Amino acid sequence: MMRRAAEITAETGAFATDQFNNTDMVDGYRRLGEELLDQLPGPPPISAFCSYVGTAGCFLGVSRALTATLPALRRAVVEPGESAVLSGGRPGIHHIEGGGIGRRPPQLSLSDYDEVIAVPEADAFQTARQATRTEGIFSGPSTGANLVAALDIARRLGPGHRVVTIQVDSGLKYLAGQLYS
């Protein structure tokens, strides 16, 4: 797919954003981390941040902004259990869009995170549905995976800690698929 995109770019003179190697996205997401610091000043301070990883731009921008102020922040990347490459597993087929690309994103290094949480697809889907019903968080399975990971971290850290994740998108585009059928 990437090879074909490069061919089309060359043939048509288009501009390819190359989202996996574009460092501007990391800087763009830094503001989200700053906003979290502004809106959640503590106490308690933010103890952990976790996010589903595709290009890693959101994770890197947010976590770098947070760790500039909170150096002890726990940083966890989230990936699908069925394609747990960052956890040392093999690439595989899954239905959690936006991540689990079957390889390490080029801008994400081992020093950028403290742990990897592999979330099974079924858990991500179930948690997205539950969050819609009980919390009014209408989203997709990548947000479901984020919530699974955040709850896991919160249980391990215990009371008095604040764990932050993000809602990746709304659930509108999932109404016709298997998530909300």
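**Exercise 1. At what angle do helix α2 and helix α3 pack, and how far apart are their axes?**

Solution. The model is predicted, and the values below are computed from it. Begin with the two elements themselves: helix α2 covers residues 24–39 and helix α3 covers residues 57–69, and they pack at an angle of about 45 degrees with their axes 7 Å apart. The next step is to classify this angle, and because angles under 35 degrees count as roughly parallel while 65 to 115 counts as roughly perpendicular, α2 is oblique to α3. As for handedness, the crossing of α2 and α3 is right-handed.

The contact can then be read from either side. Helix α2 contributes Met25, Val26, Tyr29, Arg30, Leu32, Gly33, Glu34, Leu36 and Leu37, while helix α3 contributes Gly57, Cys58, Leu60, Gly61, Val62, Arg64, Ala65, Leu66 and Thr69. Sorted by class, the contact of α2 with α3 comprises 11 nonpolar, 4 polar and 3 charged residues.

**Exercise 2. Determine how α4 and α5 cross, and describe the contact of α4 with α5.**

Solution. Helix α4 spans residues 121–135 and helix α5 spans residues 141–157; their axes come within 7 Å and cross at roughly 95 degrees. Since 65 to 115 degrees is the range for roughly perpendicular, α4 is roughly perpendicular to α5. On the α4 side the residues are Asp123, Ala124, Phe125, Thr127, Ala128 and Ala131, which meet Pro141, Gly144, Ala145, Leu147 and Val148 in α5. By class, the residues of this contact divide into 8 nonpolar, 2 polar and 1 charged.

**Exercise 3. How many cavities of 30 Å³ or more does the structure hold, and which residues line the largest cavity?**

Solution. The count comes first: the structure holds 1 cavity of 30 Å³ or more. The largest cavity has a volume of about 70 Å³, and its lining is formed by Val53, Gly54, Glu79, Ser83, Val85, Leu86, Gly100, Ile101, Gly102, Arg103 and Pro105. Divided by class, the residues of this lining are 5 nonpolar, 4 polar and 2 charged.

How values were computed
Residues are numbered from 1 along each chain as its sequence is written. This is a predicted model: local features need pLDDT of at least 70, side-chain atom pairs count only at pLDDT 80 or more; totals for chains, interfaces and linings use all residues. Side-chain values use heavy atoms; hydrogens and water are left out. Axes are lines fitted to C-alpha atoms, for helices over the stretch in contact, and angles run from 0 to 180 degrees between N-to-C directions. Helices (H or I, at least four residues) and strands (E, at least two) are DSSP runs, numbered from the N terminus. Angles under 35 degrees count as roughly parallel, over 145 as roughly antiparallel, 65 to 115 as roughly perpendicular and the rest as oblique. A crossing is left-handed if the near helix is turned anticlockwise from the far one by less than a right angle, and right-handed if clockwise. Contact means heavy atoms within 4.5 Å. Ala, Val, Leu, Ile, Met, Phe, Trp, Tyr, Cys and Pro count as nonpolar, Asp, Glu, Lys and Arg as charged, and the others, Gly among them, as polar. On a 1 Å grid over the protein atoms alone, a cavity is a set of points where a 1.4 Å probe fits but cannot get out, and a pocket is an open set with protein on both sides within 12 Å along at least five of seven lines; lining residues have an atom within 4 Å of a point. Grid points are joined across faces, edges and corners, and a volume is the space filled by probe spheres set on the points.
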